[in-house]
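Student: Could you take me on a close look at one helix packing in this model, and then show me what its partners do elsewhere? I would like one connected account that I can follow on screen.

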Amino acid sequence: MDFTHLYLELTSACNLSCRHCCIGNEPRRELQHVAELLESFSEKGKYITLSGGEPLLRKDWVDIAELTERLGFTTTLFTNGTLVEENVEALSKAQVKVALSLDGADEAHNQALRGPSYKKVMKAVDLLVEAGKEKEIALSFTPTSLNVDQAEPLARFAVSKGIEHFHVSLLEMRGRAGGTDLELSDDEKVWLMKTLYELARTYEGVMNVELSEGTDLLYDTWNFGKKIMENPLGKTLKVTAEGKVFTSTFVEGDLFFLGTYPDRSLDELMNSPKVEELAASLRKRGEVIIQCRECIFNPLCCAGICTLAYDKHKTIWVPDEYCKANQAIFEIALCGVKK
Ligand code: SF4
Ligand code: SF4
(Lines give C-alpha, C1' and ligand atoms only; values in the text may rest on other atoms or scores of the structure.)
(Ligands and ions follow the chains in the order given, each with its own letter.)
Protein backbone atom coordinates (compact mmCIF):
# COMPACT_ATOMS: atom_id res chain seq x y z
CA MET A 1 0.00 0.00 0.00
CA ASP A 2 1.26 3.50 -0.80
CA PHE A 3 0.93 5.72 2.23
CA THR A 4 0.10 9.31 1.33
CA HIS A 5 -0.57 10.84 4.73
CA LEU A 6 1.81 11.11 7.68
CA TYR A 7 0.31 12.09 11.03
CA LEU A 8 2.95 13.28 13.46
CA GLU A 9 2.36 13.63 17.17
CA LEU A 10 5.06 16.27 17.56
CA THR A 11 4.74 16.23 21.34
CA SER A 12 2.70 14.47 24.00
CA ALA A 13 2.83 17.63 26.16
CA CYS A 14 -0.24 19.82 26.38
CA ASN A 15 -1.31 22.87 28.33
CA LEU A 16 -4.90 21.58 28.65
CA SER A 17 -6.28 18.45 30.32
CA CYS A 18 -9.38 17.70 28.29
CA ARG A 19 -11.69 15.04 29.73
CA HIS A 20 -11.96 13.29 26.36
CA CYS A 21 -8.26 13.36 25.47
CA CYS A 22 -7.15 10.10 23.85
CA ILE A 23 -3.54 10.75 24.82
CA GLY A 24 -4.26 11.31 28.50
CA ASN A 25 -1.49 11.36 31.05
CA GLU A 26 1.39 9.96 29.02
CA PRO A 27 4.87 11.13 29.98
CA ARG A 28 5.95 14.30 28.17
CA ARG A 29 7.95 13.48 25.07
CA GLU A 30 8.89 15.26 21.86
CA LEU A 31 9.08 13.35 18.61
CA GLN A 32 12.72 13.12 17.52
CA HIS A 33 14.24 13.08 14.00
CA VAL A 34 11.27 14.96 12.48
CA ALA A 35 13.28 16.37 9.54
CA GLU A 36 14.55 12.90 8.57
CA LEU A 37 11.03 11.49 8.83
CA LEU A 38 9.61 14.18 6.55
CA GLU A 39 12.41 13.77 4.02
CA SER A 40 11.96 9.97 3.92
CA PHE A 41 8.23 10.44 3.37
CA SER A 42 8.52 13.12 0.68
CA GLU A 43 9.02 10.73 -2.25
CA LYS A 44 5.47 9.36 -2.16
CA GLY A 45 3.66 11.27 0.57
CA LYS A 46 1.34 14.21 -0.03
CA TYR A 47 -0.28 15.16 3.26
CA ILE A 48 1.14 15.93 6.69
CA THR A 49 -0.73 16.48 9.92
CA LEU A 50 1.17 18.17 12.74
CA SER A 51 -0.52 17.33 15.99
CA GLY A 52 0.12 16.53 19.63
CA GLY A 53 -0.45 17.07 22.51
CA GLU A 54 -0.26 20.72 21.60
CA PRO A 55 2.14 21.17 18.64
CA LEU A 56 2.60 24.91 19.24
CA LEU A 57 4.41 24.03 22.48
CA ARG A 58 7.34 22.88 20.34
CA LYS A 59 9.89 25.62 19.95
CA ASP A 60 10.78 24.41 16.45
CA TRP A 61 7.23 24.11 15.05
CA VAL A 62 7.90 26.93 12.53
CA ASP A 63 11.01 25.15 11.20
CA ILE A 64 9.01 21.95 10.85
CA ALA A 65 6.16 23.74 9.04
CA GLU A 66 8.65 25.43 6.70
CA LEU A 67 10.25 22.09 5.90
CA THR A 68 6.88 20.51 5.04
CA GLU A 69 6.29 23.42 2.66
CA ARG A 70 9.73 23.05 1.02
CA LEU A 71 9.09 19.35 0.55
CA GLY A 72 5.79 20.09 -1.21
CA PHE A 73 3.37 18.64 1.33
CA THR A 74 -0.16 19.88 2.07
CA THR A 75 0.00 20.42 5.82
CA THR A 76 -2.61 20.73 8.55
CA LEU A 77 -1.74 21.75 12.08
CA PHE A 78 -4.13 20.62 14.82
CA THR A 79 -4.10 22.96 17.80
CA ASN A 80 -6.22 23.54 20.88
CA GLY A 81 -6.10 27.24 19.95
CA THR A 82 -4.77 28.55 23.27
CA LEU A 83 -1.35 29.54 21.89
CA VAL A 84 -2.49 30.98 18.57
CA GLU A 85 -2.37 34.61 19.75
CA GLU A 86 1.38 34.52 20.47
CA ASN A 87 2.01 32.57 17.25
CA VAL A 88 -0.39 34.36 14.94
CA GLU A 89 2.23 36.07 12.80
CA ALA A 90 4.09 32.83 12.14
CA LEU A 91 0.83 30.95 11.58
CA SER A 92 -0.41 33.48 9.04
CA LYS A 93 2.85 33.23 7.09
CA ALA A 94 3.10 29.45 7.29
CA GLN A 95 1.61 27.37 4.48
CA VAL A 96 -0.46 25.33 6.89
CA LYS A 97 -4.15 24.81 7.39
CA VAL A 98 -5.07 25.36 11.02
CA ALA A 99 -7.58 23.03 12.70
CA LEU A 100 -8.85 24.59 15.93
CA SER A 101 -10.55 22.44 18.56
CA LEU A 102 -13.80 23.80 19.96
CA ASP A 103 -16.38 21.62 21.68
CA GLY A 104 -19.12 24.11 22.45
CA ALA A 105 -20.52 27.25 20.88
CA ASP A 106 -20.73 28.69 24.39
CA GLU A 107 -18.20 28.77 27.19
CA ALA A 108 -20.02 26.32 29.51
CA HIS A 109 -20.23 23.50 26.95
CA ASN A 110 -16.64 23.92 25.85
CA GLN A 111 -15.38 24.19 29.43
CA ALA A 112 -17.11 20.95 30.48
CA LEU A 113 -14.70 19.05 28.23
CA ARG A 114 -11.74 21.28 27.49
CA GLY A 115 -11.40 23.49 30.55
CA PRO A 116 -10.64 27.18 30.10
CA SER A 117 -9.91 27.42 26.36
CA TYR A 118 -13.06 29.08 25.02
CA LYS A 119 -12.04 32.75 25.08
CA LYS A 120 -8.64 32.01 23.60
CA VAL A 121 -10.12 29.96 20.77
CA MET A 122 -12.62 32.74 20.00
CA LYS A 123 -9.74 35.18 19.85
CA ALA A 124 -7.71 32.75 17.75
CA VAL A 125 -10.52 32.50 15.18
CA ASP A 126 -10.79 36.29 14.97
CA LEU A 127 -7.03 36.77 14.65
CA LEU A 128 -6.69 34.14 11.93
CA VAL A 129 -9.69 35.55 10.05
CA GLU A 130 -8.19 39.07 10.33
CA ALA A 131 -4.96 37.65 8.92
CA GLY A 132 -6.96 36.48 5.88
CA LYS A 133 -6.63 32.82 6.76
CA GLU A 134 -10.33 31.95 7.14
CA LYS A 135 -10.27 29.60 4.14
CA GLU A 136 -7.44 27.68 5.78
CA ILE A 137 -9.17 27.18 9.13
CA ALA A 138 -11.05 24.07 10.12
CA LEU A 139 -13.20 23.97 13.24
CA SER A 140 -12.70 20.61 14.92
CA PHE A 141 -15.52 19.30 17.10
CA THR A 142 -15.51 16.10 19.18
CA PRO A 143 -19.08 15.10 20.02
CA THR A 144 -19.58 13.36 23.38
CA SER A 145 -22.53 12.75 25.68
CA LEU A 146 -21.90 16.20 27.20
CA ASN A 147 -21.92 18.30 24.02
CA VAL A 148 -23.54 16.40 21.15
CA ASP A 149 -26.21 19.13 20.93
CA GLN A 150 -23.50 21.61 19.97
CA ALA A 151 -23.16 20.30 16.40
CA GLU A 152 -25.59 22.77 14.94
CA PRO A 153 -24.58 25.92 16.89
CA LEU A 154 -20.91 25.21 16.19
CA ALA A 155 -21.55 24.73 12.48
CA ARG A 156 -23.49 28.01 12.41
CA PHE A 157 -20.64 29.74 14.22
CA ALA A 158 -18.13 28.40 11.69
CA VAL A 159 -20.23 29.62 8.77
CA SER A 160 -20.62 33.06 10.40
CA LYS A 161 -16.82 33.37 10.41
CA GLY A 162 -16.38 32.22 6.81
CA ILE A 163 -14.78 28.92 7.88
CA GLU A 164 -15.15 26.31 5.14
CA HIS A 165 -14.31 23.10 6.99
CA PHE A 166 -16.27 21.63 9.89
CA HIS A 167 -14.27 18.64 11.07
CA VAL A 168 -16.00 16.11 13.31
CA SER A 169 -13.53 14.02 15.32
CA LEU A 170 -15.33 10.90 16.47
CA LEU A 171 -14.52 10.13 20.09
CA GLU A 172 -11.76 7.58 20.63
CA MET A 173 -12.29 5.67 23.87
CA ARG A 174 -8.61 5.64 24.87
CA GLY A 175 -6.41 7.67 27.17
CA ARG A 176 -8.42 9.89 29.49
CA ALA A 177 -11.63 9.15 27.53
CA GLY A 178 -11.34 5.40 28.14
CA GLY A 179 -13.80 4.05 30.72
CA THR A 180 -15.75 7.34 30.94
CA ASP A 181 -19.44 7.88 30.26
CA LEU A 182 -18.65 10.30 27.43
CA GLU A 183 -19.48 7.82 24.67
CA LEU A 184 -22.64 8.55 22.69
CA SER A 185 -25.57 6.14 22.83
CA ASP A 186 -26.79 4.61 19.55
CA ASP A 187 -29.72 7.04 19.54
CA GLU A 188 -27.39 10.00 20.02
CA LYS A 189 -25.14 8.75 17.21
CA VAL A 190 -28.12 8.48 14.87
CA TRP A 191 -29.30 11.97 15.83
CA LEU A 192 -25.78 13.36 15.39
CA MET A 193 -25.20 11.88 11.96
CA LYS A 194 -28.61 12.95 10.69
CA THR A 195 -27.98 16.46 12.01
CA LEU A 196 -24.53 16.58 10.41
CA TYR A 197 -25.93 15.31 7.13
CA GLU A 198 -28.60 18.01 7.17
CA LEU A 199 -25.94 20.62 7.97
CA ALA A 200 -23.85 19.37 5.06
CA ARG A 201 -26.85 19.76 2.76
CA THR A 202 -27.80 23.18 4.17
CA TYR A 203 -24.28 24.57 3.79
CA GLU A 204 -23.35 22.82 0.55
CA GLY A 205 -20.89 25.02 -1.36
CA VAL A 206 -20.27 27.12 1.77
CA MET A 207 -18.82 24.67 4.28
CA ASN A 208 -17.83 21.00 4.09
CA VAL A 209 -18.70 18.65 6.93
CA GLU A 210 -15.91 16.09 7.26
CA LEU A 211 -15.54 13.05 9.49
CA SER A 212 -12.27 12.22 11.20
CA GLU A 213 -11.54 9.32 8.84
CA GLY A 214 -11.32 11.82 6.00
CA THR A 215 -14.75 11.32 4.48
CA ASP A 216 -16.87 14.20 3.30
CA LEU A 217 -20.30 13.47 4.75
CA LEU A 218 -22.25 14.69 1.75
CA TYR A 219 -20.17 13.67 -1.22
CA ASP A 220 -18.81 10.35 0.05
CA THR A 221 -22.07 8.75 1.20
CA TRP A 222 -22.51 6.80 -2.02
CA ASN A 223 -19.22 4.99 -1.64
CA PHE A 224 -18.60 5.46 2.06
CA GLY A 225 -16.88 2.13 2.72
CA LYS A 226 -14.68 2.34 -0.36
CA LYS A 227 -13.69 5.90 0.53
CA ILE A 228 -12.71 4.89 4.02
CA MET A 229 -10.37 2.28 2.60
CA GLU A 230 -9.07 4.37 -0.28
CA ASN A 231 -9.16 8.06 0.60
CA PRO A 232 -5.88 9.83 1.31
CA LEU A 233 -6.45 9.90 5.04
CA GLY A 234 -7.16 6.17 4.98
CA LYS A 235 -3.59 5.61 3.77
CA THR A 236 -2.18 7.03 6.92
CA LEU A 237 0.88 6.38 9.00
CA LYS A 238 0.87 7.80 12.50
CA VAL A 239 4.06 8.37 14.45
CA THR A 240 3.54 9.00 18.17
CA ALA A 241 5.77 11.31 20.20
CA GLU A 242 7.51 8.17 21.44
CA GLY A 243 8.29 7.10 17.84
CA LYS A 244 5.76 4.27 17.67
CA VAL A 245 4.38 3.87 14.14
CA PHE A 246 0.79 2.76 13.45
CA THR A 247 -1.14 2.26 10.21
CA SER A 248 -4.04 4.42 11.34
CA THR A 249 -4.47 7.80 12.96
CA PHE A 250 -7.23 6.71 15.26
CA VAL A 251 -6.15 3.52 16.91
CA GLU A 252 -3.06 2.30 18.70
CA GLY A 253 -3.58 -1.43 19.23
CA ASP A 254 -1.07 -4.19 18.43
CA LEU A 255 -2.87 -5.07 15.20
CA PHE A 256 -2.03 -1.64 13.76
CA PHE A 257 1.49 -1.32 15.25
CA LEU A 258 4.33 -1.54 12.71
CA GLY A 259 7.38 -0.81 14.83
CA THR A 260 9.35 2.07 16.26
CA TYR A 261 11.14 4.87 14.44
CA PRO A 262 14.13 5.29 14.13
CA ASP A 263 14.88 1.71 15.25
CA ARG A 264 13.47 0.75 11.86
CA SER A 265 13.51 3.02 8.80
CA LEU A 266 10.31 4.54 7.50
CA ASP A 267 10.67 2.56 4.26
CA GLU A 268 11.02 -0.68 6.18
CA LEU A 269 7.96 0.17 8.30
CA MET A 270 5.83 1.15 5.29
CA ASN A 271 6.77 -2.06 3.47
CA SER A 272 6.13 -4.33 6.44
CA PRO A 273 4.12 -7.44 5.39
CA LYS A 274 1.76 -6.54 8.23
CA VAL A 275 0.44 -3.59 6.19
CA GLU A 276 -0.86 -5.73 3.32
CA GLU A 277 -2.15 -8.40 5.71
CA LEU A 278 -4.18 -5.79 7.55
CA ALA A 279 -5.45 -4.18 4.34
CA ALA A 280 -6.60 -7.62 3.12
CA SER A 281 -8.41 -8.25 6.41
CA LEU A 282 -10.13 -4.88 6.22
CA ARG A 283 -11.34 -5.62 2.70
CA LYS A 284 -12.92 -8.85 3.98
CA ARG A 285 -14.82 -7.34 6.91
CA GLY A 286 -18.00 -6.73 4.90
CA GLU A 287 -18.18 -10.41 3.97
CA VAL A 288 -17.01 -11.99 7.21
CA ILE A 289 -19.08 -10.06 9.78
CA ILE A 290 -22.48 -11.76 9.57
CA GLN A 291 -24.48 -8.64 10.41
CA CYS A 292 -22.73 -6.77 7.58
CA ARG A 293 -22.96 -9.64 5.10
CA GLU A 294 -26.73 -9.63 5.53
CA CYS A 295 -27.10 -5.85 5.50
CA ILE A 296 -28.70 -4.18 2.48
CA PHE A 297 -26.31 -1.25 2.85
CA ASN A 298 -23.21 -3.44 2.56
CA PRO A 299 -22.32 -2.25 -0.98
CA LEU A 300 -22.16 1.34 0.34
CA CYS A 301 -20.71 0.70 3.76
CA CYS A 302 -18.41 -2.38 3.50
CA ALA A 303 -18.65 -2.66 7.33
CA GLY A 304 -17.60 0.98 7.76
CA ILE A 305 -14.89 2.25 10.06
CA CYS A 306 -13.05 -0.42 12.05
CA THR A 307 -10.89 1.72 14.31
CA LEU A 308 -13.47 2.82 16.88
CA ALA A 309 -14.74 -0.76 17.05
CA TYR A 310 -11.18 -2.00 17.59
CA ASP A 311 -10.61 0.55 20.36
CA LYS A 312 -13.64 -0.77 22.18
CA HIS A 313 -13.74 -4.50 21.40
CA LYS A 314 -10.09 -5.19 20.48
CA THR A 315 -11.18 -6.86 17.26
CA ILE A 316 -11.98 -5.63 13.75
CA TRP A 317 -14.54 -8.41 13.19
CA VAL A 318 -17.47 -6.36 14.47
CA PRO A 319 -19.58 -3.74 12.64
CA ASP A 320 -18.82 -0.02 12.69
CA GLU A 321 -19.64 1.56 16.08
CA TYR A 322 -21.77 4.04 14.07
CA CYS A 323 -23.62 1.23 12.24
CA LYS A 324 -27.15 2.46 13.07
CA ALA A 325 -26.16 6.05 12.34
CA ASN A 326 -24.64 5.03 8.99
CA GLN A 327 -27.85 3.20 8.12
CA ALA A 328 -29.88 6.33 8.89
CA ILE A 329 -27.70 8.39 6.54
CA PHE A 330 -27.83 5.79 3.78
CA GLU A 331 -31.64 5.75 4.06
CA ILE A 332 -31.79 9.51 3.67
CA ALA A 333 -29.31 9.53 0.79
CA LEU A 334 -31.01 6.68 -1.08
CA CYS A 335 -34.68 7.32 -0.37
CA GLY A 336 -34.89 10.80 1.13
CA VAL A 337 -36.31 9.16 4.28
CA LYS A 338 -36.42 11.49 7.28
CA LYS A 339 -37.64 10.05 10.60
S1 SF4 B 1 -7.46 16.71 23.59
FE2 SF4 B 1 -5.82 17.92 22.65
S3 SF4 B 1 -5.93 19.87 23.72
FE4 SF4 B 1 -7.04 18.44 24.97
S5 SF4 B 1 -5.55 17.65 26.46
FE6 SF4 B 1 -5.56 16.24 24.72
S7 SF4 B 1 -3.93 16.97 23.40
FE8 SF4 B 1 -4.44 18.64 24.81
S1 SF4 C 1 -24.52 -0.38 8.02
FE2 SF4 C 1 -23.85 -1.61 9.79
S3 SF4 C 1 -24.44 -3.71 9.31
FE4 SF4 C 1 -24.53 -2.54 7.40
S5 SF4 C 1 -22.54 -2.89 6.45
FE6 SF4 C 1 -22.40 -0.99 7.66
S7 SF4 C 1 -21.62 -1.59 9.67
FE8 SF4 C 1 -22.35 -3.44 8.62
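Tutor: Happy to! In this predicted model, helices α7 and α14 pack with their axes 8 Å apart, at an angle of about 35°. The crossing of α7 past α14 is right-handed. To see who makes the contact, pick out D186, K189, V190, L192, M193, K194 and Y197 on α7, then K324, A325, A328, I329 and I332 on α14. By class, this contact has eight nonpolar residues, four charged ones and no polar ones.

Now stay with α7, which spans residues 186-202, and turn to helix α6, residues 151-160. The axes of these two helices come within 10 Å and cross at roughly 25°. Since angles under 35 degrees count as roughly parallel, α6 is therefore roughly parallel to α7. Here too the handedness can be read off: α6 passes α7 in a right-handed crossing. On the α6 side the residues are A151, E152 and A155, and they meet L192, T195, L196 and L199 of α7. Five of the residues in this contact are nonpolar, one is polar and one is charged. Keep an eye on L192, a residue of α7 that takes part in the contact with α14 and also in the one with α6.

Next, follow α14 (323-335) to ligand 2, where α11 (290-293), α12 (298-301) and α14 each supply at least two residues of the shell. The helix that gives the most is α14, with three residues. Around ligand 2 there are 13 residues, of which C292, C295, C301, P319 and C323 come nearest. This shell is made up of seven nonpolar, five polar and one charged residues.

The chain averages a pLDDT of 89, and 92% of the residues score at least 70. Confidence is highest in helix α2 (residues 61-70), at a mean of 98, and lowest in helix α8 (residues 224-230), at 55.

Terms used: Residues are numbered from 1 along each chain as its sequence is written. Chains are lettered from A and ligands numbered from 1 in the order in which they are written. This is a predicted model: local features need pLDDT of at least 70, side-chain atom pairs count only at pLDDT 80 or more; totals for chains, interfaces and linings use all residues. A residue is near a molecule or strand if its C-beta atom, placed from the backbone, lies within 6 Å of it. Helices (H or I, at least four residues) and strands (E, at least two) are DSSP runs, numbered from the N terminus. Ala, Val, Leu, Ile, Met, Phe, Trp, Tyr, Cys and Pro count as nonpolar, Asp, Glu, Lys and Arg as charged, and the others, Gly among them, as polar. Axes are lines fitted to C-alpha atoms, for helices over the stretch in contact, and angles run from 0 to 180 degrees between N-to-C directions. Angles under 35 degrees count as roughly parallel, over 145 as roughly antiparallel, 65 to 115 as roughly perpendicular and the rest as oblique. A crossing is left-handed if the near helix is turned anticlockwise from the far one by less than a right angle, and right-handed if clockwise. Two residues are in contact if their C-beta atoms, placed from the backbone, lie within 7 Å. pLDDT is the predictor's confidence in each residue, from 0 to 100.
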